[in-house]
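Here's a quick briefing for anyone opening this one up for the first time.

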Amino acid sequence: SIPIHSRLLMNMSTKMGGIGLNTPRDKAIPASILATKGTLNTIYNGVFLGQQRTRFMLPDSITSLYADRENNQSTTFQIFNKFAPAIAKICTGDGTSTGISTFINTTPLQKCHDIINKETSSRLREKMITFLPSDSTHNVAEIIDGKMGQGLLDLPRSEEDNRQNNRLFRFNLLRCLRMNIWETTEQLKCPFCKQDFDTKGDHLYQCSHLSKQIKTKMHNKWRDTWHKEMETLIPYIQLTDSKIEKETTGLVRSIKKSNIKPFDTHFNLPIVSKEGHFRCRLSKIGFDMITCNSDTCPSPSRGGSSAKSNNIVASLLSAEKSKFQRGRGSNTSRTDSSSQITVNGEQIIGDLFDDNMQLLPFAISPLGLFGPTINHFLYGTPPPTDYKTLHNIDKSKFPNASKMAHQAFTRTPSNILDRADYIWKSKQRNYHYGGSYKSPDPSTYYTQIFGRTVCKANGSAGLAAIQTLYESKHGPITASSLNDDQISYLLYSSRGRSTSQRSSSQSTQESSQPPPETFFVQNNSDT
């Protein structure tokens with residue numbers, strides 16, 4: 001059966017982290033009350049004919065049918081009188097007779113629909129969180145972020161880039177709804193690192209062995225996607241009038257002839273801003289992509305399964321910090337092989353800072369939650385704590401990294417997608433920005449593109465990790481027997497060839513997990 005939290009996620013909108021399957025349980029009563037409200041507004045105030053025209057009043061032969069609403073015994077009014085106070089309180093803040101009168105006569109119907117939808121989503125989210133299993137409570141922010149659901153369902157399938165093959169779609173759907181990929185009640189262990197292995201697939205992105213196989217490809221897909229979208233977005237908001245660069249060398253002044261590439265992609269800001277340009281005193285803004293894990297299975301050094309998982313935002317901040325410091329807390333010098341110049345990460349950040357360049361770490365979680373720094377740049381989202389102490393960088397050891405991190409929230413443009421929306425809406429158009437009614441403006445469209453990248457880059461990486469897991473070790477193993485009691489079905493490779501058999505200890509019992517071939521047998525059909 002489908003877990004309660006997954007059913008609630010199904011009913012939540014894609015922007016709230018769900019997949020937007022409406023249910024009468026959430027929609028029927030508000031829809032009935034709002035339909036009756038619209039009818040009563042017409043009865044009491046007349047038919048709306050336009051902003052500059054007087055309402056047409058209906059004859060008494062019609063309005064008399066709706067007289068004495070409070071005492072009317074018809075089913076319609078009994079339902080309305082029962083639920084209208086609660087709906088009116090949500091829409092107007094007042095559930096009394098005065099509030100109901102305001103609700104009927106003056107509150108716009110579309111505004112009521114928007115308020116009710118928002119309230120429904122909020123209550124569904126709160127209820128869903130209370131039903132989340134213990135392996136998902138630490139990454140709630142990641143689950144309700146919403147990018148994955150939008151990437152799965154909101155982009156038009158008429159474009160081939162927006163389609164996913166069936167195995168990728170199934171994997172992403174299970175991840176989006178936090179459903180088990182491995183259906184078993186036994187405690188699982190990773191056959192590579194012997195650490196706890198969760199049933200939701202989070203360990204696929206956390207295992208040091210598996211991550212070696214998938215992280216580079218995942219990073220490169222995000223780099224290429226962001227570079228491609230920047231070529232349209234950044235000139236559109238008039239933040240630059242030059243080409244968007246990718247992995248450029250020679251940007252660090254002290255080692256100009258080296259092969260060091262401080263940014264995955266960057267753009268130059270104009271020296272002299274023209275009219276309409278986004279004003280900024282920086283010379284360059286560069287982005288460095290980094291993926292982090294959900295920390296669902298803490299390492300033995302932190303206590304293993306008995307340890308508390310780090311909050312997902314803490315994991316993202318740690319990833320950002322490593323980019324500002326160009327290393328996880330170390331300040332070691334390295335010699336560039338091409339120039340034979342020795343330099344450390346702090347010196348590189350110092351050169352960039354002194355030359356008025358800004359580094360923005362682009363941190364991404366497995367389910368698509370972005371780090372606070374890039375969220376501030378894209379959406380104007382305030383940092384979770386004071387930006388001065390946000391990354392907890394030791395100023396005495398890393399003064400340049402500390403200054404670069406502070407500058408990301410003080411001198412760098414923010415909320416650029418809102419600016420793109422403003423530019424788009426300032427002119428009348430008869431088409432949608434993203435080519436679909438579900439992508440009406442730039443901010444919605446680019447969020448959906450990010451969601452598509454979560455599905456394709458992170459989802460494909462997860463499938464590749466599963467394939468490595470089964471081809472090398474026949475899948476996760478049970479904690480009760482770390483040697484040969486492996487949870488596995490008869491395995492087929494991507495060519496349809498048998499590559500493993502059940503272990504002898506399982507010859508008399510059935511495994512409860514899905515067949516591995518479900519995930520990586522060749523399947524070219526698209527969803």
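Two strands are said to pair if DSSP finds at least two bridges between them. Keep in mind as you go that this is a predicted model. With that in hand, you can pick out an open sheet of 3 strands, ordered 2-1-9 and paired in the antiparallel sense. There's also an open sheet of 4 strands, in the order 3-4-5-8, and its pairing is mixed.

- Strand 1 (residues 188-189) is joined to strand 2 by 2 bridges, with the two running antiparallel.

**The 3-4-5-8 sheet**
- This sheet of 4 strands, ordered 3-4-5-8, has strand 3 and strand 8 (357-364) as its edge strands, and each of those pairs on one side only.
- Helix 10 (residues 208-236) packs on this sheet and touches strand 3, strand 4, strand 5 and strand 8.
- The direction of helix 10 makes about 150 degrees with that of strand 5.
- Strand 3 (residues 245-246) and strand 4 (residues 265-268) are antiparallel partners, held over 2 bridges.
- Within that pair, Lys246 has Thr265 of strand 4 as its bridge partner.
- Strand 4 also pairs with strand 5 (residues 284-291), again in the antiparallel sense, over 4 bridges.
- Thr265 turns up here too, standing opposite Phe287 in strand 5.
- As a bit of background, strands of a sheet pair through backbone hydrogen bonds, and they can do it parallel or antiparallel.

**Helix 10 meets helix 16**
- How do helix 10 and helix 16 (residues 442-473) cross? Their axes come within 9 Å, at an angle of roughly 165 degrees.
- Angles over 145 degrees count as roughly antiparallel, and helix 10 and helix 16 are therefore roughly antiparallel to each other.
- The crossing of helix 10 past helix 16 is right-handed.
- What is the contact of helix 10 with helix 16 made of? Its residues divide into 18 nonpolar, 7 polar and 4 charged.

Note on methods:
Residues are numbered from 1 along each chain as its sequence is written. This is a predicted model: local features need pLDDT of at least 70, side-chain atom pairs count only at pLDDT 80 or more; totals for chains, interfaces and linings use all residues. Side-chain values use heavy atoms; hydrogens and water are left out. Contact means heavy atoms within 4.5 Å. Axes are lines fitted to C-alpha atoms, for helices over the stretch in contact, and angles run from 0 to 180 degrees between N-to-C directions. Angles under 35 degrees count as roughly parallel, over 145 as roughly antiparallel, 65 to 115 as roughly perpendicular and the rest as oblique. A crossing is left-handed if the near helix is turned anticlockwise from the far one by less than a right angle, and right-handed if clockwise. Ala, Val, Leu, Ile, Met, Phe, Trp, Tyr, Cys and Pro count as nonpolar, Asp, Glu, Lys and Arg as charged, and the others, Gly among them, as polar.
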